[in-house]
Amino acid sequence: VSKQIRRVKKPYQFNFRAKYFPEDALTELIHEVTQRLFYLQVKEDILSGAISCPFETAILLASYACQAKFGDYDPVRMQPGFFKKERLLPQNIIDQSEQTWEQLEESVVRWYNEHRSMLRSDVMLEYLHIAQDLEMYGVTYFKITNKRGTPLLLGVDAFGLNVYAEDNRLNPKVGLPWSEVAKVSFRRRKFIIKPVDKSSRNLSFFSPTMKNNRILLSLCVGTHELYLRRRRQEPIEVQHMRAQANAERAAKLQEQ
């Protein structure tokens with residue numbers, strides 16, 4: 001490992017991340033440990049700005065994050081200023097808001113108080129349920145250029161491929177759902193998307209390096225395979241895991 005990261009100073013810090021995103025976190029993430037790890041990854045992406053988030057949604061998500069971390073809201077223990085040291089909101093939301101931190105905290109607490117008695121697992125799933133509707137959720141972006149050399153971005157997500165302008169990661173210029181993609185391949189720096197419709201021409205782009213194309217192809221193949229697998233009948237072992245997880249959740253609800 002040290003030979004691969006020579007330019008990084010010790011001690012090394014590794015962040016393990018999910019490579020593939022579910023289409024629907026509520027139905028696909030069965031085990032609580034999986035839900036928690038995925039929740040932590042998505043929450044970090046939102047707080048760091050990797051996933052763009054509107055103001056009202058950021059406030060609501062922050063309230064669920066408080067419920068997940070602290071449990072039910074306690075007005076005695078959680079006096080104004082209690083969350084000052086907590087990383088609740090993306091920095092751009094704080095910087096762009098006309099509200100003071102006290103007002104932002106009050107907005108979060110107002111929602112937080114509505115989540116009383118929710119199980120932590122349910123809170124994390126609700127957080128993911130809201131987050132998965134954000135435009136940049138689950139999209140992995142790759143730098144590409146077209147034949148004219150115009151810088152673009154190719155986004156890969158659970159539903160297909162999208163081409164974006166370099167300065168706009170929210171609104172794709174071209175979109176191809178996986179159902180319309182017959183094959184993806186590359187030849188050196190050239191990346192090729194072959195549509196299902198034989199009357200349509202192949203889409204070709206260029207990556208900075210051949211290594212980038214290998215990574216891009218691997219992600220496309222794996223994501224497309226998951227897309228197809230979700231549309232087949234669920235295996236018996238997955239049904240058993242889901243039934244067991246539901247039984248454990250029911251037991252926790254009875255313990256409350």
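**Close-up 1. Helices α3 and α5 cross in the right-handed sense.** In this predicted model, where local features need pLDDT of at least 70, side-chain atom pairs count only at pLDDT 80 or more, and totals for chains, interfaces and linings use all residues, helix α5 spans residues 101-112 and packs against α3 at an angle of about 60°, with the axes 8 Å apart. A crossing is called right-handed if the near helix is turned clockwise from the far one by less than a right angle, and left-handed if anticlockwise; axes are lines fitted to C-alpha atoms, for helices over the stretch in contact, and angles run from 0 to 180 degrees between N-to-C directions. The contact (heavy atoms within 4.5 Å) involves, among others, Phe-55, Ile-59, Cys-66 and Phe-70 of α3 and Leu-104, Val-108 and Trp-111 of α5. By class, its residues comprise ten nonpolar, three polar and no charged, where Ala, Val, Leu, Ile, Met, Phe, Trp, Tyr, Cys and Pro count as nonpolar, Asp, Glu, Lys and Arg as charged, and the others, Gly among them, as polar. Residues are numbered from 1 along each chain as its sequence is written, and side-chain values use heavy atoms, with hydrogens and water left out.

**Close-up 2. Helices α3 and α6 pack in a roughly antiparallel arrangement.** Helix α3 (residues 55-70) and helix α6 (residues 120-131) meet at an angle of about 160°, their axes being 9 Å apart; the pair is therefore roughly antiparallel, since angles over 145 degrees count as such, those under 35 as roughly parallel, 65 to 115 as roughly perpendicular and the rest as oblique. Their crossing is left-handed. Contacting residues include Leu-60, Tyr-64 and Ala-68 of α3 together with Val-123, Tyr-127 and Ile-130 of α6, and the contact as a whole has ten nonpolar, two polar and three charged residues.

Close-up 3. Helix α2 (residues 32-48) has an axis that comes within 9 Å of that of α6, and the two cross at roughly 45°, in a left-handed crossing. Among the residues making this contact are Phe-38, Tyr-39 and Val-42 of α2, and Met-124, Leu-125 and Leu-128 of α6; by class, the contact has nine nonpolar, two polar and three charged residues.

**Close-up 4. The rings of Phe-70 and Phe-82 form an edge-to-face pair.** Rings of Phe, Tyr and Trp (its six-membered ring) pair if their centres lie within 6.5 Å, with planes under 30 degrees apart counted as stacked, over 60 as edge-to-face and the rest as tilted; by this rule there are nine aromatic pairs. For Phe-70 and Phe-82, the ring centres are 5.5 Å apart and the planes stand at 70°, so the pair is edge-to-face. Phe-70 belongs to helix α3 and Phe-82 to the loop between α3 and α4 (91-96), so the pair ties together parts that are twelve residues apart in sequence.

**Close-up 5. Strands β5 and β6 form a hairpin.** Helices (H or I, at least four residues) and strands (E, at least two) are DSSP runs, numbered from the N terminus, and two strands pair if DSSP finds at least two bridges between them. Strand β5 (residues 181-187) pairs with strand β6 (residues 190-195) in the antiparallel sense over six bridges, and Lys-183 has Lys-194 as its bridge partner in β6. Two residues lie between β5 and β6, and Arg-188 in the turn has a positive phi of about 60°. Strand β7 (residues 203-206) pairs with β6, also in the antiparallel sense, over four bridges, with Leu-203 of β7 standing opposite Ile-193.
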